[in-house]
Amino acid sequence: MLILKCPYCGVACDETELHAGGEAHLTRHGPGSSDADFEEYLFMRENPRGVHFERWRHVYGCGKWFHAARDTATLEVFGTYSAQVAEPPKDVRAAITAKVPGWRWRDLS
Amino acid sequence: MSEAVSAVQGASASGFVDVAEAGLVGMVTIRGDLGDSDFAHAVWSVTHCGLPKKRGIAAGESDQLLWMSPDELLLVCAHEEAEARVQALSAALSGQHHLVVNVSDARAVFRVSGSGSAVREAMAKVTPADLRPRILGVGEVRRTRMAQVPAAICFDGEDQATIVCFRSVGTYVFDLLVRSSKPGSEVGHF
Ligand SMILES: [Zn+2]
């Protein structure tokens with residue numbers, strides 16, 4: 001069972017109280033973008049075995065979206081953080097490095 | 001105006017805890033910037049309640065404010081006062097980004113009471129929320145789900161919990177609590 005702490009409420013939520021929102025930190029490419037960028041935005045997703053960044057919504061609680069960094073193989077949660085950021089904060093990245101030295105995800109490390 | 005009737009018309013039942021609908025309760029959803037002192041002052045001017053802490057409850061003389069999310073409060077007052085509170089809050093908050101709506105007749109409120117850890121026993125069977133007293137203390141609001149529907153729960157004391165859910169699922173939640181507290185079905189977890 002996955003338990004994520006909502007950064008807005010501060011409660012430890014069971015995954016059944018949350019709604020999964022897919023991969024985090026996507027760059028939106030809309031009208032006027034190149035076909036390649038639009039395809040990347042619509043379809044191309046990471047599917048790692050290990051460190052991953054996701055969006056979640058506290059749907060049975062405050063209703064807010066937030067971000068989570070976790071390991072898809074062990075379900076270990078490295079941290080949850082605000083939805084209002086374009087990349088994971090330093091402390092979350094440090095927490096991942098402490099557990100998984102040398103991790104890489106897209107262009108983050 | 002038609003006569004107001006609560007979701008399950010004050011039904012009650014007894015198992016290893018007592019389950020009772022609270023009847024008509026005034027409830028007003030207030031949304032706005034909880035960090036703004038103008039918002040806090042406007043809400044205080046009508047409710048005579050300070051803003052609750054995160055997940056907390058603030059009590060005034062007759063009204064209560066429940067923390068529902070970082071930008072949402074639930075005002076609990078007498079059912080017949082709710083519409084007047086909406087008018088007064090709308091006036092006090094005019095000019096600020098806000099939302100005030102009377103949800104009294106769109107919600108159902110239940111009280112579960114019993115001795116020892118019986119209330120936590122009955123509730124824990126139907127919610128994924130961690131109900132250990134050191135995690136969910138008395139006077140703390142926890143929005144979660146009860147089986148398949150959303151609900152806000154709060155322990156008023158170790159011997160009583162209050163549950164607020166949508167009116168449309170009032171019968172479902174009542175039946176759920178009655179089934180959960182069937183005599184002999186105690187788990188003995190707490
Ligand atoms: Zn939340």
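How many bridges join strand β2 (residues 18–21) of chain B to strand β8 (residues 107–113) of chain B? The legends below take up that question and a few others, and everything they show comes from a predicted model.

**Figure 1. Strands β2 and β8 of chain B run side by side in the antiparallel sense.** The answer to the opening question is 4 bridges, linking residues 18–21 of β2 with residues 107–113 of β8 in chain B.

**Figure 2. Six strands of chain B make an open sheet.** Stepping across the sheet, the order is β1-β2-β8-β11-β10-β9, with antiparallel pairing. β1 (12–14) and β9 of chain B stand at the edges with a single partner strand each, so one side of each has no neighbour in the sheet. On average, and with direction ignored, neighbouring strands here are turned by 20 degrees against each other.

**Figure 3. Helix α4 of chain B lies across the strands of that sheet.** This helix covers residues 170–180. The strands it lies across are β1, β2, β8, β9, β10 (149–157) and β11 (160–166) of chain B. Relative to β8(B), helix α4 of chain B runs at about 10 degrees.

**Figure 4. Two helices of chain B, α1 and α2, pack with their axes 9 Å apart.** Helix α1 spans residues 37–47 and helix α2 spans residues 82–92, and the angle between them is about 150 degrees. Angles over 145 degrees count as roughly antiparallel, and α1(B) and α2(B) are therefore roughly antiparallel to each other. Their crossing is right-handed. On the α1(B) side the contact is made by B:A42, B:S45 and B:V46, while α2(B) brings B:R85, B:A88, B:L89 and B:A92. By type, the residues of this contact divide into 5 nonpolar, 1 polar and 1 charged.

**Figure 5. Chain B meets chain A.** Which chain gives 13 residues to the contact, and which gives 11? Chain A gives 13 residues and chain B gives 11. On the side of chain B that touches chain A, the largest share comes from strand β9 (residues 141–146) of chain B, with 4 residues. That side of chain B holds 6 charged, 3 nonpolar and 2 polar residues. Strand β9 of chain B also turns up in Figure 2, where it stands at an edge of the sheet.

Figure 6. Chain B has 4 helices and 11 strands. Its radius of gyration is 17 Å, close to the 16 Å that the globule rule gives for 190 residues, so chain B is as compact as a globular protein of that length. The C-alpha trace of chain B spans about 55 × 40 × 30 Å along its principal axes. Chain A has 2 helices and 6 strands, which follow the pattern β-β-β-α-β-β-β-α along the sequence. For chain A the radius of gyration is 14 Å, close to the 13 Å that the globule rule gives for 109 residues, so chain A is as compact as a globular protein of that length. The C-alpha atoms of chain A fill a box of roughly 40 × 35 × 25 Å, taken along the principal axes.

Technical notes. Residues numbered from 1 in each chain as written. Chains lettered and ligands numbered in written order. Predicted model: local features only at pLDDT ≥ 70, side-chain atom pairs only at ≥ 80, totals over all residues. Contact = placed C-beta atoms within 7 Å. Nonpolar A, V, L, I, M, F, W, Y, C, P; charged D, E, K, R; others polar. Axes fitted to C-alpha atoms, helices over the stretch in contact; angles between N-to-C directions. Parallel < 35°, antiparallel > 145°, perpendicular 65-115°, else oblique. Left-handed = near helix turned anticlockwise from the far one by under 90°. Pairing = 2+ DSSP bridges. Rg over C-alpha atoms; globule rule 2.2 N^0.38 Å.
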